[in-house]
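Here are my notes, as promised. Have a look at the model first, then read on.

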Amino acid sequence: PYTTLFRSISAYYLFISNSVVVMNKSSAQGGGIYSFDSQFFVENCVIAGNSAGNNGGGICKRGLVALNRDILSCQFSNNICTAGTGGAGLYLENGGRVRNCLFSNNTNMSASGNGGGVLLNNADSSVQNTNEHGLINCTIANNYSATKGGGLATTGTVNYIINCVIS
């Protein structure tokens, strides 16, 4: 079921820089990029026009392991999530740094999902959240969710949103 462009599972290091990830599709999670329990670094990328049948139309970063997870200076646009939890642009689970990113025109069509632009799902209480994690200096604009959080949805105990524009 995976036709995702990049897929990283368990203990691998995924580094993507100055790249364009467009028009990919997964019937499961992470239409453009899917990563589970891996160290993860994405910078200066365009993530656009991807779709997932479940979480993270653009990027789905999952896992209970608190590893390095950085997304810097990326543009997420026109990504779609059709079912599942949500996060059409980005689904980020259990911590990570997202800085200087733009999320626009992403759509979560799931009747049970949340977050058209971004879903921060910090469900693992063992993750040490600090103000180094979360969304920092990001713009989230003109996204849509069929249920909750057209631009941004959060779950869990601590989520940091610092110096962001959400419209």
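The points below go through the sheets, the salt bridges, the cysteines and a few single residues.

1. Some ground rules first. This is a predicted model, so bear in mind that local features need pLDDT of at least 70, that side-chain atom pairs count only at pLDDT 80 or more, and that totals for chains, interfaces and linings use all residues. Residues are numbered from 1 along each chain as its sequence is written, and side-chain values use heavy atoms, with hydrogens and water left out.

2. Start with the six-strand open sheet, which runs E3-E7-E11-E15-E19-E23 with parallel pairing. Its edge strands are E3 and E23 (165–166), each pairing on one side only. Strands here are DSSP runs (E, at least two residues), while helices are H or I runs of at least four, and both are numbered from the N terminus. Two strands pair if DSSP finds at least two bridges between them. Inside this sheet, E11 (residues 75–77) and E15 (residues 102–104) pair in the parallel sense over three bridges; Ser 77 has Ser 104 of E15 as its bridge partner.

3. Then there's an open sheet of five strands, again with parallel pairing, in the order E4-E8-E12-E16-E20. E4 and E20 (144–145) sit at the edges with a single partner strand each, so one side of each has no neighbour in the sheet. Strands E12 (residues 80–81) and E16 (residues 107–108) are joined in the parallel sense by two bridges, and Ile 80 is partnered with Thr 107 in E16.

4. How many salt bridges are there? The count is two, taking a salt bridge as a side-chain nitrogen of Lys or Arg within 4 Å of a carboxyl oxygen of Asp or Glu. One joins Arg 62 and Glu 93, at 3.4 Å from N to O. Arg 62 is in strand E9 (residues 59–62) and Glu 93 in strand E13 (residues 90–93), so the pair ties together parts 31 residues apart in sequence. Arg 62 is partly exposed at 22% relative accessibility, whereas Glu 93 is buried at 7%. For these labels, buried means under 20% relative accessible area, exposed over 50%, and partly exposed in between (1.4 Å probe, protein chains only).

5. Asp 70 and Arg 97 form a salt bridge too, at 2.4 Å from N to O. This pair links strand E10 (residues 69–72), where Asp 70 lies, with strand E14 (residues 97–99), where Arg 97 lies, 27 residues apart. Asp 70 is buried, with a relative accessible area of 11%.

6. Cys 138 is in no disulfide either, with the sulfur of Cys 164 the nearest at 4.7 Å. Both cysteines are hidden: Cys 81 is buried at 0% relative accessible area, and Cys 138 is buried at 1%.

7. Last, two loop residues. Gly 30, in the loop between E4 (25–26) and E5 (33–36), is buried at 0% relative accessibility. Its C-alpha is 7.6 Å from that of Ser 51, 21 residues apart in sequence. Met 23, by contrast, lies in the loop between E3 (20–22) and E4 and is exposed at 65% relative accessibility.

Terms used:
A disulfide is a pair of cysteine sulfur atoms within 2.5 Å.
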